[in-house]
Amino acid sequence: MKTELINTMIKTWRKLDGGALLKAVILNEADARVAVSSSFGAESAVLLGLVAEIDPSTPVLTVDTGKLFDETIEYRNRLVDHFGLLDVRIVSAPLGLIDSTDADGDLHQSNPDLCCQVRKVMPHAQAAADFDILITGRKQFHGEGRQALPTVNIEGQHIKVNPLATWSEADIEDAFQTHQIPRHPLVVEGYRSIGCATCTLKTGTGQNARAGRWAGQTKTECGLHSATFDTFQFKFAENRQ
Ligand code: SF4
């Protein structure tokens, strides 16, 4: 029954975007458990502001990899205060796992996929397991495989909702200015997409926003989200029927 209801709702959600989509998802009538996944990076504040307007107690999952810029941690604290976010969950890999896989702290150089798996994907997956729907800030204009990103897609056991998928760079800029949203301090230095300090460079003129992520490598995603976008029907896990 619940699966049927949520698939009916997904059909409606696919006709929406931005704040209207967020409102429909966060206030959903199917008792689906909703969280936001955020890096508190260059553009994250636009999505967080829209979420806070609807319900500031919406859980926000964010990973501290131990390799973040200090500026990102300061910005995260600032945005929590600015928007009055009430349930930000900072997750990290257990120290024992870091010690056994990346004792020297340079795994990002020798095996960045494994480093992302240990420091980002695993702790995020553990926190995300408590939810049915994850809201992301992904956008088509970031390119690197995201051009086909729909506003709602299915990834494994999660419905991914991407309210800003079709927004342009100008739309994001407009939101920052209209709502006077604080900027990540590294944006003015030329960073347009911000991940770990060890794997992020400034973005050059004419490059897409994510060009500074794992620059010079074939890697374009950390693995938190799928690079392909399944739009099959969602099925609640057995224990959620
Ligand atoms: S972005 Fe770099 S440092 Fe961060 S988890 Fe991935 S490989 Fe490791």
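**A walk around the sheet and its helices**

Start by selecting helix H7, residues 112-128: H7 lies across S1, strand S2 (60-63), S3, S4 and S6, and runs at about 160° to S2. Keep in mind that this is a predicted model.

You'll find an open sheet of 6 strands in the order S3-S2-S1-S4-S6-S5, with mixed pairing. Color strand S3 (88-91) and strand S5 (152-155): these stand at the edges with a single partner strand each, so one side of each has no neighbour in the sheet. Going from one strand to the next, the twist averages 30°.

Next, zoom in on strand S4 (residues 133-135) and strand S6 (residues 158-161), which pair in the parallel sense over 3 bridges. Click Leu134 and look for its bridge partner in S6, Lys160.

Time for another helix. Select H2, residues 18-26. H2 packs on the sheet, where it touches strand S1 (34-37), S4 and S6, and its direction makes about 150° with that of S4.

To see the contact, show Gly19, Leu22, Lys23 and Ile26 on H2 with Leu50, Val51 and Ile54 on H3. Those contact residues split into 5 nonpolar, 1 polar and 1 charged.

Last stop: the ligand. Which of the 13 residues around the ligand come nearest? Select His108, Cys115, Cys116, Cys196 and Cys199 to see them. By class, the shell has 6 nonpolar, 4 polar and 3 charged residues.

How values were computed. Residues are numbered from 1 along each chain as its sequence is written. This is a predicted model: local features need pLDDT of at least 70, side-chain atom pairs count only at pLDDT 80 or more; totals for chains, interfaces and linings use all residues. Axes are lines fitted to C-alpha atoms, for helices over the stretch in contact, and angles run from 0 to 180 degrees between N-to-C directions. Helices (H or I, at least four residues) and strands (E, at least two) are DSSP runs, numbered from the N terminus. Two residues are in contact if their C-beta atoms, placed from the backbone, lie within 7 Å. Ala, Val, Leu, Ile, Met, Phe, Trp, Tyr, Cys and Pro count as nonpolar, Asp, Glu, Lys and Arg as charged, and the others, Gly among them, as polar. A residue is near a molecule or strand if its C-beta atom, placed from the backbone, lies within 6 Å of it. Two strands pair if DSSP finds at least two bridges between them.
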